[in-house]
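Please open the model in your viewer and keep the selection panel at hand. The tour goes from one selection to the next and says what is found at each stop.

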Amino acid sequence: MPSARWAYVNGQYVPHALARIHVEDRGLQFADSVYEVCAIVDGLMMDEEEHLDRLERSLRELAIPMPMGRAPLKLVLREMVRRNALRHGLIYLQVTRGTARRDHAAPSDLRPSLILTARPVDPVLLERRRQLGVKAISHPDERWARCDIKSTALLPNTLAKTAARRQGAFEAILVDGDGYVTEGASTNVWIVTKDGEIVTRNLSHNILPGVTRRVILEAAAEAQMRISERKFTLEEAKSAREIFLTAATLGATSVVELDGRPIGNQRPGQISQRIQTLYADLAGRRAVRLLPSSN
Ligand SMILES: Cc1ncc(COP(=O)(O)O)c(C=O)c1O
């Protein structure tokens with residue numbers, strides 16, 4: 001029997017369909033809020049500490065207090081997985097600056113709002129997407145200057161992703177004014193050059209420090225693979241041997257077509273697949289088991 005869907009809003013677990021937030025919440029009115037998305041893979045919570053580290057950093061950068069301590073927040077995450085019987089899925093967590101009479105200037109004494117939702121993911125579809133690879137388009141990067149903060153101000157990202165979907169592609173690869181790839185609308189972007197160099201853009205205010213990116217860098221170092229963190233152009237990407245995208249929602253997933261041009265032999269490349277295996281191994285070893293495995 002499908003279990004009921006539960007959300008968490010400011011201290012209470014509520015049926016998903018009844019979950020509500022105030023009309024003058026600053027997250028709603030100004031995107032004055034940050035978020036995280038954690039994957040649950042076969043009952044394992046992946047990269048939990050890394051997501052909480054980034055959440056704390058995003059909040060610190062915006063001077064929003066943590067809505068509760070890290071230990072109680074972990075209990076809420078676990079309870080959400082348990083109540084939603086989420087063996088394969090995503091937990092979405094959002095912290096807003098709080099509710100106040102609408103005014104651009106934020107009062108200093110607000111209590112942050114905390115919202116969590118859960119969504120199942122079909123592991124078969126996820127695996128099929130990895131096996132087949134995805135199409136991508138390029139799109140101008142029209143975002144603000146602090147993309148390192150995981151804020152919910154995602155309008156340029158949603159417009160780019162919508163443009164991609166309308167053109168039958170899965171992701172929009174964002175390109176800055178100088179022709180360099182920054183990242184995807186909701187992914188980090190990697191290429192494997194013709195000489196086998198694995199490249200992803202170096203961290204700066206221009207890209208999100210992806211959790212999956214970080215764990216992959218660690219896994220690749222453990223496996224003595226060499227990766228360069230540097231800028232690369234859209235043209236370099238188009239002539240690459242492989243391109244892949246990383247995100248908590250995807251792991252490492254190959255791009256087999258960019259702007260209608262085939263990449264490699266139009267099938268997921270060997271290095272991208274090896275990276276996915278290394279990531280799943282390392283993250284899986286560290287993950288917290290919250291529900292029994294289905295195997
Ligand atoms: C703009 C952007 N870049 C990269 C990522 C990948 O980050 P992570 O690996 O932490 O999911 C995301 C994920 O949502 C994103 O929105």
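Helices (H or I, at least four residues) and strands (E, at least two) are DSSP runs, numbered from the N terminus; axes are lines fitted to C-alpha atoms, for helices over the stretch in contact, with angles from 0 to 180 degrees between N-to-C directions. The model is a predicted one, in which local features need pLDDT of at least 70 and side-chain atom pairs count only at pLDDT 80 or more, while totals for chains, interfaces and linings use all residues. Residue numbers start from 1 along each chain as its sequence is written.

Next, colour the buried residues of H2, which are Glu48, Glu50, His51, Arg54, Leu55, Ser58 and Leu59. Here a residue is buried if 20 or more other C-beta atoms lie within 10 Å of its own, exposed if 12 or fewer, and partly exposed in between, with C-beta atoms placed from the backbone. Their cover includes E3, E4, E5, helix H6 (211–222) and E16. Just after H2, alanine 63 takes a positive phi of about 55°.

Now select arginine 54, which lies in helix H2. Why does arginine 54 count as buried? Arginine 54 is buried because 21 other C-beta atoms lie within 10 Å. Leaving aside neighbours within four places in sequence, arginine 54 is in contact with Glu36, Lys150, Pro209 and Val211, contact being defined by C-beta atoms, placed from the backbone, that lie within 7 Å.

Strand E1 (residues 6–9) is joined to strand E6 (residues 113–120) by 2 bridges, and tyrosine 8 has leucine 116 in E6 as its bridge partner.

Then show the ligand, which 13 residues surround, the closest being Leu208, Gly210, Val211, Thr212 and Ala248; a residue is near a molecule if its C-beta atom, placed from the backbone, lies within 6 Å of it. H6 gives the most to this shell, with 3 residues, and H6 and strand E13 (242–247) each supply at least two.

Finally, select E13, where 6 of 6 residues are buried: Glu242, Phe244 and Thr246 point one way, and Ile243, Leu245 and Ala247 the other way. Strand E10 (residues 188–192) pairs with E13 in the antiparallel sense over 5 bridges, and isoleucine 191 has isoleucine 243 in E13 as its bridge partner. E13 also pairs with strand E14 (residues 251–258) in the antiparallel sense over 5 bridges, and the two form a hairpin with 3 residues between them.

Technical notes
Two strands pair if DSSP finds at least two bridges between them. Two residues are in contact if their C-beta atoms, placed from the backbone, lie within 7 Å.
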